Amino acid sequence: MSRSKGFTLVELLLAVSLMSMLLALAYGGLRAATRAADKGQTILEDSSRIRMAHQFVRKQLNQAVPLAFAEDEADDTRVVFEGSAQSIRYVAPMPGYLGFGGLQVQELAIVPGRNGMELVLSHALLQEFEEARLYEREPILLVGNIASGEFNFLGRDEESGELTSWSNSWDSTLGLPLSVSLDLEFEEEVYIDWPLLMASLRVDASAVTAAGGRSSNYRATIQDLINKRKNQQ
């Protein structure tokens, strides 16, 4: 009698084993491709977010103007800029989509957030400014997941006129620094580095003097600002 045709048990087990191995390899490759795609998307989103925040901070600092928003009670002088390692406060115009009504007092600060530290922006109208008005609304989140960050300031020696070294505090509230830098380090979850930001403040810091008096070129400086803005429009 002829033997019946078919697979033996050993052949069937071998075929199932090979199929399982192929499926495992295919699943592993698909999972790796998915992870790579997700990581690539995350990197693109982080890069776009960091680039926008970097450009925004630079632009706002470039547009800072030497207008007083407060008075120092200690020596009765006008305050046009305040700076420390963790925050700065100055006067500058806001983009139309964030604010309106003229020049605004802006505060950039590195504060604790949900995931590490966050760089946030608070602002209020310069006209009839009070510090409490900066915090009437939720601050605008510019970038998060910060492990550490610091502002630094470059100025000029009042006596010699020589450039000073970089410092993480700005003691002269009367004048603007020549340049402001912001260095951030992100948490491990962020794959993009923050390019060291160094922004020059274009307006002459000597345009504002002590309370009760203004330098001779103060009006000319403000008029030049107005004329430049009209020409740009």
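## How the strands line up

Two strands count as paired if DSSP finds at least two bridges between them. Helices (H or I, at least four residues) and strands (E, at least two) are themselves DSSP runs, numbered from the N terminus. The structure above is a predicted model, in which local features need pLDDT of at least 70 and side-chain atom pairs count only at pLDDT 80 or more, while totals for chains, interfaces and linings use all residues. Residues are numbered from 1 along each chain as its sequence is written, and side-chain values use heavy atoms, with hydrogens and water left out.

With that in hand, follow the sheet: seven strands form an open sheet in the order β3-β4-β5-β6-β7-β8-β9, with antiparallel pairing. Its edges are β3 (82-83) and β9, and each has a single partner strand, so one side of each is left without a neighbour in the sheet.

## Around β8

Strand β8 is antiparallel to β7, and eight bridges join the two. Across this pairing, L154 stands opposite S179 in β8, and N152 has S181 in β8 as its bridge partner. On to β9: four bridges join β8 to β9, again running antiparallel, and V180 has A199 in β9 as its bridge partner.

## The nonpolar cores

A nonpolar core here is a set of buried Ala, Val, Leu, Ile, Met, Phe, Trp, Tyr and Cys residues joined through side-chain atoms within 4.5 Å. The largest one has 32 residues, and F81, L119 and F151 touch the most other members. Two or more residues of this core come from each of α1 (9-62), β4 (87-92), β5, β6 (117-125), β7 (140-154), β8 (179-186) and β9 (197-200). Another core, of ten residues, lies apart from it and includes V79, V105, L126 and L134.

L119 is worth a look of its own. This residue sits in strand β6 and is buried, with a relative accessible area of 0%. Setting aside neighbours within four places in sequence, L119 is in contact (heavy atoms within 4.5 Å) with V57, A109, I110, I140, L141, L142, V143, I146, F151 and L182. The C-alpha atoms of L119 and L184 are separated by 9.4 Å, although the two are 65 residues apart along the chain.

## Two glutamines in β5

Now for some polar side chains. Q104 is in strand β5 (residues 104-112) and counts as buried, at 3% relative accessibility. What does the side chain of Q104 make a polar contact with? The partner is the side chain of H123, at 2.7 Å. A polar contact is a pair of N or O atoms within 3.5 Å; within protein, one must be able to donate a hydrogen and the other to accept it, and residues adjacent in sequence count only if both atoms are side-chain atoms.

Q106 is also placed in strand β5, and at 0% relative accessibility Q106 counts as buried. A polar atom of the Q106 side chain lies 2.9 Å from the backbone oxygen of A92, and one lies 3.3 Å from the backbone oxygen of P93. Leaving aside neighbours within four places in sequence, the residues in contact with Q106 include Q60, Y90, M94, L121 and H123.

Notes. Buried means under 20% relative accessible area, exposed over 50%, partly exposed in between (1.4 Å probe, protein chains only).
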